[in-house]
Amino acid sequence: MLSHKQVASGRREKFLPFALPSIGEEEIAEVVDSLRSGWITTGPKVKRFEEEFARYVGTEHAIAVNSCTSALHIALTALGIGQGDEVIVPTLTFCSTANVVVHRGARPVLVDCGDDFNVRPEDIEKAITPRTRAIVPVHYSGQACDVNAIYELARKHNLAVIEDAAHAVGSEYHDQKIGADHLGHGLDATHRVTCFSFYATKNLATGEGGMITTADPKLAEFMRLLSLHGMSKDAWKRYTGAGSWYYEVLAAGYKDNMTDIQAALGIHQLKRLDEFIERRAHYAKLYDEAFEDTPEIETPLVRSNRKHAWHLYVIKLSLERLAIDRSQFIDQLRARNIGTSVHFIPVHLHPHYKDRFGYQPGDLKNAEYVYDRILSLPLYPAMTEEDVQDVIGAVLDVISSNRR
Ligand SMILES: Cc1ncc(COP(=O)(O)O)c(C=O)c1O
(Lines give C-alpha, C1' and ligand atoms only; values in the text may rest on other atoms or scores of the structure.)
Protein backbone atom coordinates (compact mmCIF):
# COMPACT_ATOMS: atom_id res chain seq x y z
CA MET A 1 0.00 0.00 0.00
CA LEU A 2 1.29 3.47 -0.84
CA SER A 3 1.62 6.00 1.97
CA HIS A 4 0.23 9.50 1.47
CA LYS A 5 3.66 10.84 0.64
CA GLN A 6 4.01 8.44 -2.26
CA VAL A 7 2.58 9.39 -5.59
CA ALA A 8 1.00 6.87 -7.93
CA SER A 9 4.34 5.93 -9.57
CA GLY A 10 5.60 4.60 -6.21
CA ARG A 11 7.93 7.60 -5.91
CA ARG A 12 8.06 9.59 -2.67
CA GLU A 13 7.60 13.31 -3.09
CA LYS A 14 10.62 14.12 -0.97
CA PHE A 15 14.00 12.39 -0.93
CA LEU A 16 14.51 10.15 2.12
CA PRO A 17 18.20 10.39 3.10
CA PHE A 18 20.03 7.17 3.92
CA ALA A 19 20.80 8.44 7.43
CA LEU A 20 19.99 11.40 9.64
CA PRO A 21 20.94 12.08 13.28
CA SER A 22 18.29 12.60 16.00
CA ILE A 23 19.36 15.80 17.73
CA GLY A 24 16.96 16.92 20.48
CA GLU A 25 16.48 20.16 22.40
CA GLU A 26 18.59 18.82 25.31
CA GLU A 27 21.58 18.31 23.02
CA ILE A 28 21.14 21.81 21.58
CA ALA A 29 20.83 23.43 25.02
CA GLU A 30 23.94 21.59 26.28
CA VAL A 31 25.98 22.72 23.24
CA VAL A 32 24.79 26.30 23.77
CA ASP A 33 25.78 26.00 27.43
CA SER A 34 29.31 24.98 26.33
CA LEU A 35 29.49 27.86 23.87
CA ARG A 36 28.38 30.36 26.51
CA SER A 37 30.70 28.90 29.16
CA GLY A 38 33.85 29.92 27.27
CA TRP A 39 35.17 26.33 27.52
CA ILE A 40 34.79 24.79 24.08
CA THR A 41 37.52 22.17 23.96
CA THR A 42 38.30 19.16 26.19
CA GLY A 43 36.94 19.89 29.64
CA PRO A 44 34.33 18.93 32.24
CA LYS A 45 31.76 17.71 29.73
CA VAL A 46 34.21 15.28 28.16
CA LYS A 47 34.98 13.94 31.64
CA ARG A 48 31.26 13.53 32.39
CA PHE A 49 30.61 11.83 29.04
CA GLU A 50 33.49 9.41 29.67
CA GLU A 51 32.16 8.53 33.12
CA GLU A 52 28.59 8.04 31.93
CA PHE A 53 29.70 6.03 28.89
CA ALA A 54 31.91 3.80 31.08
CA ARG A 55 28.94 3.12 33.38
CA TYR A 56 26.68 2.38 30.38
CA VAL A 57 28.95 -0.25 28.83
CA GLY A 58 30.30 -1.60 32.14
CA THR A 59 33.97 -0.67 31.99
CA GLU A 60 36.44 0.96 34.36
CA HIS A 61 38.07 3.20 31.76
CA ALA A 62 36.65 5.19 28.86
CA ILE A 63 38.73 7.70 26.90
CA ALA A 64 36.92 10.09 24.58
CA VAL A 65 38.61 10.90 21.29
CA ASN A 66 37.77 12.65 18.03
CA SER A 67 36.89 9.52 16.00
CA CYS A 68 36.87 5.75 15.99
CA THR A 69 39.74 5.92 13.51
CA SER A 70 41.82 7.77 16.12
CA ALA A 71 40.68 5.30 18.78
CA LEU A 72 41.88 2.34 16.70
CA HIS A 73 45.16 4.07 15.90
CA ILE A 74 45.81 4.93 19.54
CA ALA A 75 45.00 1.34 20.59
CA LEU A 76 47.44 -0.12 18.05
CA THR A 77 50.12 2.36 19.13
CA ALA A 78 49.59 1.69 22.84
CA LEU A 79 49.82 -2.06 22.23
CA GLY A 80 53.18 -1.51 20.55
CA ILE A 81 52.14 -2.65 17.08
CA GLY A 82 54.42 -1.42 14.32
CA GLN A 83 56.89 -2.25 11.59
CA GLY A 84 57.10 -5.94 10.73
CA ASP A 85 53.89 -6.86 12.56
CA GLU A 86 50.74 -8.31 11.04
CA VAL A 87 47.24 -7.42 12.14
CA ILE A 88 44.19 -9.43 11.08
CA VAL A 89 41.37 -7.24 9.76
CA PRO A 90 38.12 -8.21 8.01
CA THR A 91 37.98 -7.10 4.41
CA LEU A 92 34.28 -6.21 4.69
CA THR A 93 34.79 -3.04 6.70
CA PHE A 94 35.30 0.68 6.34
CA CYS A 95 38.79 1.51 5.06
CA SER A 96 39.86 3.11 8.33
CA THR A 97 39.99 -0.26 10.16
CA ALA A 98 42.84 -1.24 7.83
CA ASN A 99 44.29 2.23 7.19
CA VAL A 100 45.31 2.64 10.84
CA VAL A 101 47.32 -0.60 10.64
CA VAL A 102 49.14 0.87 7.63
CA HIS A 103 49.72 4.11 9.58
CA ARG A 104 51.56 2.04 12.19
CA GLY A 105 53.84 0.58 9.51
CA ALA A 106 52.30 -2.86 10.07
CA ARG A 107 50.66 -5.13 7.50
CA PRO A 108 46.89 -5.59 7.47
CA VAL A 109 46.09 -9.23 6.74
CA LEU A 110 42.59 -9.15 5.32
CA VAL A 111 40.15 -11.98 5.93
CA ASP A 112 36.82 -13.06 4.48
CA CYS A 113 33.31 -12.84 5.96
CA GLY A 114 30.57 -15.32 6.81
CA ASP A 115 26.82 -15.35 6.15
CA ASP A 116 26.15 -12.74 8.85
CA PHE A 117 28.85 -10.52 7.21
CA ASN A 118 31.07 -10.84 10.30
CA VAL A 119 34.53 -12.40 10.33
CA ARG A 120 34.68 -16.15 10.93
CA PRO A 121 37.08 -17.41 13.61
CA GLU A 122 38.25 -20.20 11.28
CA ASP A 123 39.36 -17.62 8.70
CA ILE A 124 41.16 -15.67 11.42
CA GLU A 125 42.96 -18.79 12.59
CA LYS A 126 44.12 -19.61 9.06
CA ALA A 127 45.57 -16.10 8.73
CA ILE A 128 47.70 -16.29 11.90
CA THR A 129 51.46 -16.35 11.29
CA PRO A 130 54.45 -15.91 13.64
CA ARG A 131 54.28 -12.16 12.82
CA THR A 132 50.62 -11.74 13.86
CA ARG A 133 50.25 -9.40 16.83
CA ALA A 134 46.57 -8.51 16.90
CA ILE A 135 43.07 -9.21 15.63
CA VAL A 136 40.70 -6.32 14.86
CA PRO A 137 37.21 -7.83 14.63
CA VAL A 138 34.41 -5.54 13.44
CA HIS A 139 30.92 -5.98 14.89
CA TYR A 140 29.36 -5.49 11.48
CA SER A 141 26.09 -3.55 11.37
CA GLY A 142 25.79 -3.69 15.17
CA GLN A 143 25.72 -7.47 15.56
CA ALA A 144 28.51 -8.86 17.72
CA CYS A 145 30.84 -11.31 16.03
CA ASP A 146 31.83 -14.56 17.66
CA VAL A 147 33.58 -12.86 20.56
CA ASN A 148 34.32 -15.97 22.68
CA ALA A 149 35.90 -17.86 19.79
CA ILE A 150 38.00 -14.82 18.85
CA TYR A 151 39.22 -14.33 22.44
CA GLU A 152 40.01 -18.03 22.60
CA LEU A 153 42.21 -17.71 19.50
CA ALA A 154 43.87 -14.61 20.94
CA ARG A 155 44.65 -16.45 24.18
CA LYS A 156 45.99 -19.48 22.33
CA HIS A 157 48.30 -17.43 20.10
CA ASN A 158 49.07 -14.61 22.57
CA LEU A 159 47.49 -11.89 20.43
CA ALA A 160 45.79 -8.62 21.29
CA VAL A 161 42.16 -8.00 20.34
CA ILE A 162 41.14 -4.47 19.35
CA GLU A 163 37.40 -4.53 18.74
CA ASP A 164 36.14 -2.17 16.08
CA ALA A 165 32.79 -1.39 17.67
CA ALA A 166 32.05 1.55 15.37
CA HIS A 167 28.58 0.06 14.73
CA ALA A 168 28.13 -1.54 18.11
CA VAL A 169 27.39 1.12 20.72
CA GLY A 170 24.73 -0.65 22.81
CA SER A 171 25.24 -4.10 21.22
CA GLU A 172 25.42 -7.08 23.55
CA TYR A 173 27.03 -10.50 23.47
CA HIS A 174 25.78 -13.05 26.04
CA ASP A 175 24.13 -10.22 28.02
CA GLN A 176 27.32 -8.15 28.21
CA LYS A 177 27.66 -4.86 26.40
CA ILE A 178 30.36 -4.69 23.75
CA GLY A 179 33.19 -2.81 25.49
CA ALA A 180 32.32 -4.23 28.93
CA ASP A 181 35.25 -5.35 31.09
CA HIS A 182 33.64 -8.73 31.85
CA LEU A 183 33.35 -9.62 28.19
CA GLY A 184 37.08 -10.24 28.07
CA HIS A 185 37.17 -12.92 30.76
CA GLY A 186 40.18 -15.11 30.25
CA LEU A 187 41.92 -12.68 27.89
CA ASP A 188 44.36 -10.50 29.79
CA ALA A 189 43.06 -6.93 30.11
CA THR A 190 46.40 -5.66 28.76
CA HIS A 191 45.53 -7.41 25.47
CA ARG A 192 42.08 -6.01 24.93
CA VAL A 193 40.72 -2.61 23.78
CA THR A 194 37.35 -1.61 22.31
CA CYS A 195 36.82 1.37 19.98
CA PHE A 196 33.52 3.13 19.26
CA SER A 197 32.41 5.72 16.69
CA PHE A 198 30.08 8.67 17.19
CA TYR A 199 30.22 9.79 13.55
CA ALA A 200 27.14 11.68 12.29
CA THR A 201 25.32 8.58 11.03
CA LYS A 202 26.07 6.33 14.01
CA ASN A 203 23.61 5.11 16.69
CA LEU A 204 25.04 7.75 19.04
CA ALA A 205 26.16 10.81 17.09
CA THR A 206 28.42 13.70 18.11
CA GLY A 207 29.22 14.77 14.54
CA GLU A 208 32.69 13.32 14.77
CA GLY A 209 33.81 11.43 17.84
CA GLY A 210 34.90 8.17 19.34
CA MET A 211 35.55 6.32 22.60
CA ILE A 212 38.13 3.80 23.76
CA THR A 213 37.36 1.37 26.56
CA THR A 214 39.71 -0.91 28.48
CA ALA A 215 39.78 -2.77 31.78
CA ASP A 216 43.50 -2.09 32.26
CA PRO A 217 44.44 1.09 34.19
CA LYS A 218 47.98 1.41 32.76
CA LEU A 219 46.80 0.96 29.19
CA ALA A 220 44.05 3.51 29.84
CA GLU A 221 46.55 6.04 31.18
CA PHE A 222 48.88 5.56 28.21
CA MET A 223 46.07 5.81 25.66
CA ARG A 224 44.82 9.00 27.33
CA LEU A 225 48.33 10.40 27.15
CA LEU A 226 48.58 9.50 23.45
CA SER A 227 45.25 11.20 22.72
CA LEU A 228 46.64 14.64 23.64
CA HIS A 229 50.23 15.14 22.47
CA GLY A 230 51.62 12.78 25.14
CA MET A 231 51.27 15.63 27.64
CA SER A 232 51.32 14.73 31.34
CA LYS A 233 48.07 14.12 33.19
CA ASP A 234 45.42 16.82 33.25
CA ALA A 235 47.42 19.13 30.97
CA TRP A 236 44.07 20.04 29.43
CA LYS A 237 43.35 21.99 32.64
CA ARG A 238 46.32 24.31 32.11
CA TYR A 239 44.14 27.30 31.20
CA THR A 240 41.81 26.90 34.18
CA GLY A 241 42.20 28.42 37.64
CA ALA A 242 42.77 24.90 38.98
CA GLY A 243 45.45 24.03 36.44
CA SER A 244 49.13 24.76 36.05
CA TRP A 245 51.02 26.05 33.01
CA TYR A 246 53.65 23.36 33.47
CA TYR A 247 53.42 20.02 31.69
CA GLU A 248 55.76 17.38 30.41
CA VAL A 249 55.63 15.43 27.17
CA LEU A 250 55.95 11.77 28.07
CA ALA A 251 55.35 10.33 24.59
CA ALA A 252 55.11 11.71 21.06
CA GLY A 253 51.33 11.67 21.20
CA TYR A 254 48.62 12.77 18.80
CA LYS A 255 45.96 15.50 18.66
CA ASP A 256 42.96 13.21 18.97
CA ASN A 257 41.08 14.64 21.95
CA MET A 258 37.31 15.17 22.02
CA THR A 259 35.88 18.66 22.58
CA ASP A 260 33.27 19.65 25.17
CA ILE A 261 30.97 20.65 22.30
CA GLN A 262 31.01 17.05 21.03
CA ALA A 263 30.65 15.67 24.56
CA ALA A 264 27.65 17.98 25.11
CA LEU A 265 25.91 16.13 22.29
CA GLY A 266 27.17 12.75 23.52
CA ILE A 267 25.88 13.13 27.07
CA HIS A 268 22.29 13.52 25.85
CA GLN A 269 22.58 11.06 22.96
CA LEU A 270 23.72 8.44 25.48
CA LYS A 271 20.60 9.02 27.60
CA ARG A 272 18.46 8.30 24.53
CA LEU A 273 20.55 5.47 23.10
CA ASP A 274 18.44 2.53 24.32
CA GLU A 275 15.29 4.21 23.04
CA PHE A 276 17.04 4.82 19.68
CA ILE A 277 18.05 1.16 19.44
CA GLU A 278 14.51 0.03 20.29
CA ARG A 279 13.15 2.09 17.43
CA ARG A 280 15.80 0.79 15.06
CA ALA A 281 14.91 -2.79 16.10
CA HIS A 282 11.21 -2.07 15.52
CA TYR A 283 11.90 -0.78 12.01
CA ALA A 284 14.19 -3.74 11.30
CA LYS A 285 11.30 -6.02 12.27
CA LEU A 286 8.96 -4.17 9.91
CA TYR A 287 11.49 -4.70 7.09
CA ASP A 288 11.92 -8.39 8.02
CA GLU A 289 8.17 -8.96 7.95
CA ALA A 290 7.65 -7.06 4.71
CA PHE A 291 10.36 -9.00 2.84
CA GLU A 292 9.62 -12.41 4.38
CA ASP A 293 7.99 -13.81 1.24
CA THR A 294 10.21 -12.03 -1.27
CA PRO A 295 12.75 -14.53 -2.62
CA GLU A 296 14.64 -11.76 -4.46
CA ILE A 297 15.86 -10.46 -1.06
CA GLU A 298 17.74 -12.05 1.81
CA THR A 299 17.15 -10.19 5.06
CA PRO A 300 19.90 -9.95 7.73
CA LEU A 301 20.87 -13.13 9.54
CA VAL A 302 20.43 -12.58 13.28
CA ARG A 303 22.47 -14.76 15.63
CA SER A 304 21.35 -15.97 19.07
CA ASN A 305 22.84 -14.70 22.36
CA ARG A 306 23.29 -11.22 20.99
CA LYS A 307 21.50 -7.90 21.20
CA HIS A 308 21.73 -6.33 17.76
CA ALA A 309 22.17 -2.53 17.86
CA TRP A 310 20.75 -2.29 14.32
CA HIS A 311 23.16 0.35 13.12
CA LEU A 312 22.56 -0.97 9.59
CA TYR A 313 19.86 -2.99 7.87
CA VAL A 314 21.66 -4.74 5.02
CA ILE A 315 19.74 -6.72 2.42
CA LYS A 316 21.32 -9.16 -0.03
CA LEU A 317 19.82 -9.37 -3.51
CA SER A 318 19.29 -12.66 -5.25
CA LEU A 319 20.69 -11.40 -8.57
CA GLU A 320 19.76 -14.67 -10.26
CA ARG A 321 16.11 -13.66 -9.94
CA LEU A 322 16.56 -10.05 -11.08
CA ALA A 323 17.19 -8.46 -14.46
CA ILE A 324 19.25 -5.64 -12.87
CA ASP A 325 22.42 -5.54 -10.80
CA ARG A 326 22.91 -4.03 -7.35
CA SER A 327 24.02 -0.62 -8.66
CA GLN A 328 20.97 -0.39 -10.91
CA PHE A 329 18.83 -1.42 -7.93
CA ILE A 330 20.28 1.51 -5.97
CA ASP A 331 19.69 3.87 -8.93
CA GLN A 332 16.09 2.74 -9.20
CA LEU A 333 15.53 3.33 -5.48
CA ARG A 334 17.07 6.77 -5.84
CA ALA A 335 14.69 7.45 -8.74
CA ARG A 336 11.93 6.65 -6.23
CA ASN A 337 13.51 9.15 -3.81
CA ILE A 338 14.99 6.58 -1.41
CA GLY A 339 18.62 6.97 -0.33
CA THR A 340 20.65 3.84 0.33
CA SER A 341 24.31 2.94 0.81
CA VAL A 342 26.72 0.01 0.49
CA HIS A 343 28.70 -1.35 3.45
CA PHE A 344 31.34 -1.93 2.30
CA ILE A 345 33.58 -2.02 -0.74
CA PRO A 346 35.90 -4.81 0.46
CA VAL A 347 39.19 -3.28 1.54
CA HIS A 348 41.25 -5.69 -0.61
CA LEU A 349 39.58 -4.30 -3.76
CA HIS A 350 40.73 -0.72 -3.13
CA PRO A 351 43.65 0.34 -5.38
CA HIS A 352 45.98 1.17 -2.48
CA TYR A 353 45.60 -2.29 -0.96
CA LYS A 354 46.01 -3.99 -4.33
CA ASP A 355 49.10 -1.95 -5.24
CA ARG A 356 50.79 -1.97 -1.86
CA PHE A 357 49.91 -5.40 -0.50
CA GLY A 358 49.28 -7.38 -3.70
CA TYR A 359 45.62 -8.18 -3.13
CA GLN A 360 43.57 -9.13 -6.16
CA PRO A 361 39.95 -9.75 -7.03
CA GLY A 362 39.22 -13.38 -6.27
CA ASP A 363 41.31 -13.41 -3.08
CA LEU A 364 38.39 -13.18 -0.65
CA LYS A 365 35.49 -14.72 -2.48
CA ASN A 366 32.64 -14.49 0.04
CA ALA A 367 33.18 -10.79 0.61
CA GLU A 368 33.27 -10.17 -3.15
CA TYR A 369 30.12 -12.23 -3.69
CA VAL A 370 28.39 -10.34 -0.89
CA TYR A 371 29.66 -6.96 -2.07
CA ASP A 372 28.03 -7.43 -5.49
CA ARG A 373 24.67 -8.07 -3.83
CA ILE A 374 24.32 -5.92 -0.72
CA LEU A 375 22.74 -2.59 -0.02
CA SER A 376 21.84 -0.87 3.22
CA LEU A 377 18.33 0.54 3.58
CA PRO A 378 17.58 3.66 5.61
CA LEU A 379 17.24 2.75 9.30
CA TYR A 380 17.28 5.46 11.95
CA PRO A 381 15.05 6.73 14.74
CA ALA A 382 14.34 10.04 12.99
CA MET A 383 12.40 8.05 10.35
CA THR A 384 8.65 7.65 10.77
CA GLU A 385 6.78 4.37 10.23
CA GLU A 386 5.47 5.98 7.09
CA ASP A 387 9.04 6.48 5.86
CA VAL A 388 9.69 2.79 6.53
CA GLN A 389 6.58 1.87 4.54
CA ASP A 390 7.80 4.11 1.70
CA VAL A 391 11.12 2.23 1.62
CA ILE A 392 9.31 -1.12 1.64
CA GLY A 393 6.96 0.04 -1.12
CA ALA A 394 9.84 1.28 -3.26
CA VAL A 395 11.93 -1.88 -2.77
CA LEU A 396 9.00 -4.14 -3.68
CA ASP A 397 8.19 -1.92 -6.65
CA VAL A 398 11.77 -2.12 -7.97
CA ILE A 399 11.65 -5.90 -7.59
CA SER A 400 8.30 -6.33 -9.35
CA SER A 401 9.47 -4.07 -12.21
CA ASN A 402 12.71 -6.04 -12.69
CA ARG A 403 11.93 -9.74 -12.16
CA ARG A 404 13.83 -11.98 -14.48
C1 LIG B 1 33.43 -0.43 10.74
C2 LIG B 1 33.94 0.97 10.91
N3 LIG B 1 35.10 1.16 11.54
C4 LIG B 1 35.61 2.40 11.73
C5 LIG B 1 34.94 3.50 11.29
C6 LIG B 1 35.57 4.85 11.51
O7 LIG B 1 34.80 5.63 12.37
P8 LIG B 1 35.08 7.21 12.47
O9 LIG B 1 34.39 7.85 11.33
O10 LIG B 1 34.47 7.58 13.80
O11 LIG B 1 36.54 7.40 12.46
C12 LIG B 1 33.73 3.37 10.64
C13 LIG B 1 33.01 4.56 10.17
O14 LIG B 1 32.08 4.57 9.46
C15 LIG B 1 33.20 2.07 10.44
O16 LIG B 1 32.04 1.88 9.79
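Predicted model: local features only at pLDDT ≥ 70, side-chain atom pairs only at ≥ 80, totals over all residues.
Residues are numbered from 1 along each chain as its sequence is written, and side-chain values use heavy atoms, with hydrogens and water left out.

Trainee: How many salt bridges does a search of the whole structure find?

Mentor: A salt bridge is a side-chain nitrogen of Lys or Arg within 4 Å of a carboxyl oxygen of Asp or Glu. Searching the whole structure gives 22.

Trainee: Which residue forms a salt bridge with Asp390 at 2.8 Å?

Mentor: Asp390 lies in helix H12 (residues 385-401). Helices are DSSP runs of H or I, at least four residues, and strands are runs of E, at least two, numbered from the N terminus. The partner sits in the segment before H1, 378 residues apart from Asp390. With the closest N and O atoms 2.8 Å apart, that partner is Arg12.

Trainee: Are Asp390 and Arg12 buried or exposed?

Mentor: Buried means under 20% relative accessible area, exposed over 50%, and partly exposed in between (1.4 Å probe, protein chains only). Asp390 and Arg12 are both buried.

Trainee: Which residues are linked with Arg12 in a network of salt bridges?

Mentor: One is Asp390, at 2.8 Å from Arg12 between the closest N and O atoms. The network links Arg12 with Asp390 and Asp387.

Trainee: What is the N to O distance between Arg155 and Glu152?

Mentor: Both lie in helix H6 (residues 147-157), three residues apart, about one turn of the helix. Arg155 counts as partly exposed at 34% relative accessibility. Glu152 is partly exposed too, at 42%. Their side chains meet in a salt bridge at 2.5 Å.

Trainee: Which residue meets Arg48 in a salt bridge?

Mentor: Arg48 is partly exposed, with a relative accessible area of 30%. The N to O distance is 3.1 Å, and the partner is Glu52.

Trainee: Which residue in S11 stands opposite Glu172?

Mentor: Strands pair if DSSP finds at least two bridges between them. Two bridges join strand S6 (residues 172-173) to S11, and the two run antiparallel. Opposite Glu172 stands Lys307.
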